[in-house]
Amino acid sequence: MPQSKKRQHHHQQHQHPHVPGNPQPATSSNKVTNAGMIFFAILGLLISYFMAGSDIKWLIAGAVGGGAIGYLFARQMNRTFSKK
């Protein structure tokens, strides 16, 4: 039987495979966030060293807490400076 010429034909959608070797370039906001996390993690490590001595549990807690605070601080800085 003849096909209708007014009906649209079926088009196959092309799937583009994800290439794991091509990472996304780091944006400036990611760089600021990473720098803030590292800075505050070191700061938290130093504060916990002076407060609790060389106890490894407190040093890890200080570094993790400082990194979390650094993440939040850097994210807020990005939001503030990106407003126009």
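User: Before we start, what does contact mean here?
Analyst: Contact means heavy atoms within 4.5 Å. This is a predicted model, in which local features need pLDDT of at least 70, side-chain atom pairs count only at pLDDT 80 or more, and totals for chains, interfaces and linings use all residues. Residues are numbered from 1 along each chain as its sequence is written, and side-chain values use heavy atoms, with hydrogens and water left out.

User: Thanks. Which residues does Trp58 touch, leaving aside its neighbours within four places in sequence?
Analyst: With those neighbours set aside, Trp58 is in contact with Ser48 and Ala52. Trp58 and Ser48 are 10 residues apart in sequence, and their C-alpha atoms are 6.1 Å apart in space. Trp58 lies in helix H2.

User: Is Trp58 buried or exposed?
Analyst: Trp58 counts as exposed because its relative accessibility is 51%. Buried means under 20% relative accessible area, exposed means over 50%, and partly exposed is in between (1.4 Å probe, protein chains only).

User: And what about Thr33: buried or exposed?
Analyst: Thr33 has a relative accessible area of 12%, so Thr33 is buried. Thr33 lies in helix H1. Leaving aside neighbours within four places in sequence, Thr33 is in contact with Tyr71, Ala74 and Asn78.

User: How many helices and strands are in the protein chain?
Analyst: The protein chain has 2 helices and 0 strands. Helices (H or I, at least four residues) and strands (E, at least two) are DSSP runs, numbered from the N terminus. H1 covers residues 28-52, and H2 covers residues 56-82.

User: At what angle do H1 and H2 pack?
Analyst: They pack at an angle of about 145°, with their axes 6 Å apart. Axes are lines fitted to C-alpha atoms, for helices over the stretch in contact, and angles run from 0 to 180 degrees between N-to-C directions. The residues of H1 that meet H2 include Gly36, Phe40 and Gly44, and those on the H2 side include Gly62, Gly66 and Gly70.

User: New topic. What share of the residues is buried?
Analyst: Buried residues make up 14% of the 84 residues in the protein chain. Among contacts between residues at least 6 apart in sequence, 58% join residues at least 24 apart.

User: Where is Tyr49, and why does Tyr49 count as partly exposed?
Analyst: Tyr49 lies in helix H1. Tyr49 counts as partly exposed because its relative accessibility is 43%.
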